[in-house]
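Visitor: I have a model on screen and would like to learn how to read it. Where do we begin?

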Amino acid sequence: MELKPALEAVLMVVDEPATEGHLAKVLDRTPREIADALRELADEYDRGGRGFELRAVAGGWRYYTRPAYASAVESFVLDGRQARLTQAALETLSVVAYRQPVSRSRVAAVRGVNCDGVLRTLLQRGLVEEAGTEPETGAILYRTTNYFLERMGLRGLDELPELAPFLPEAEAIEAETQEAVPSFDPDAPDPDSEDADDKTEL
């Protein structure tokens with residue numbers, strides 16, 4: 001069995017990025033052979049100007065639409081509709097991504113509002129997941145998922161943009177946000193509900 005066509009056949013049916021180790025086991029080849037073949041395929045698609053590309057994302061490999069043709073796919077699949085998250089959800093997701101693992105109370109402290117409803121939405125969409133509990137308080141901790149990395153086109157969290165050039169020292173931000181956190185009733189309606197009108201595309 002030729003390696004490259006076999007890789008193409010397998011990668012056409014995966015629903016999440018496939019790791020080099022898993023592909024090596026399935027195709028009975030060494031991880032080095034798999035890695036070399038994947039990179040050669042990716043280069044061939046780039047040189048050929050294909051409408052798709054083979055990309056290394058979230059620790060594995062998967063086919064993706066080439067960005068130049070994303071609008072054509074969106075038109076076909078979504079028929080004009082776009083999956084969106086509210087601005088509040090995007091802000092909450094950003095806090096989790098940069099502070100993980102992080103508790104709900106810490107997310108609320110950074111944003112200054114109750115984030116329970118938004119976190120539930122992010123959990124339901126598979127963008128965040130529970131990551132154990134905080135030893136001191138027993139609070140549930142949250143972190144981003146591999147699906148988050150996949151949607152953002154990142155190989156790992158180390159590829160998140162650096163915040164330092166755009167923000168004051170992290171300690172100063174935390175001190176300010178802790179002091180400015182308003183009191184809120186956990187049972188009160190969530191102002192960051194997904195019913196909010198102001199929606200921003202993920």
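This is a predicted model: local features need pLDDT of at least 70, side-chain atom pairs count only at pLDDT 80 or more; totals for chains, interfaces and linings use all residues.

Visitor: How many helices and strands does the chain have?

Guide: Helices (H or I, at least four residues) and strands (E, at least two) are DSSP runs, numbered from the N terminus. Here there are nine helices and seven strands.

Visitor: What share of the residues counts as buried?

Guide: Buried means under 20% relative accessible area, with a 1.4 Å probe and protein chains only. In this chain of 202 residues, 33% are buried.

Visitor: Which residues have the most contacts inside the largest nonpolar core?

Guide: A nonpolar core is a set of buried Ala, Val, Leu, Ile, Met, Phe, Trp, Tyr and Cys residues joined through side-chain atoms within 4.5 Å. The largest one here has 24 residues, and Leu85, Leu93, Val96, Val107, Leu122, Leu127 and Phe148 have the most contacts inside it. Helix H5 (87-99), helix H7 (116-124) and helix H8 (146-152) each supply at least two of its residues. H5 gives the largest share, seven residues. There is also a second, separate core of 18 residues, including Leu3 and Leu27.

Visitor: Which residues of H5 are buried?

Guide: An α-helix has 3.6 residues a turn, so residues three or four places apart point the same way. In H5 the buried residues are Ala88, Ala89, Leu90, Thr92, Leu93, Val95, Val96 and Ala97.

Visitor: What does Val96 touch beyond its neighbours within four places in sequence?

Guide: Contact means heavy atoms within 4.5 Å. Val96 is in contact with Val102, Val107, Leu119, Val128, Tyr142, Arg143 and Thr144.

Visitor: In what order do the strands of the three-stranded sheet lie?

Guide: Two strands pair if DSSP finds at least two bridges between them. This open sheet runs E4-E6-E5, with antiparallel pairing. Strand E4 (102-103) and strand E5 (128-133) are the edges, each pairing on one side only. Two bridges join E4 to strand E6 (residues 140-144).

Terms used. Residues are numbered from 1 along each chain as its sequence is written. Side-chain values use heavy atoms; hydrogens and water are left out. Buried means under 20% relative accessible area, exposed over 50%, partly exposed in between (1.4 Å probe, protein chains only).
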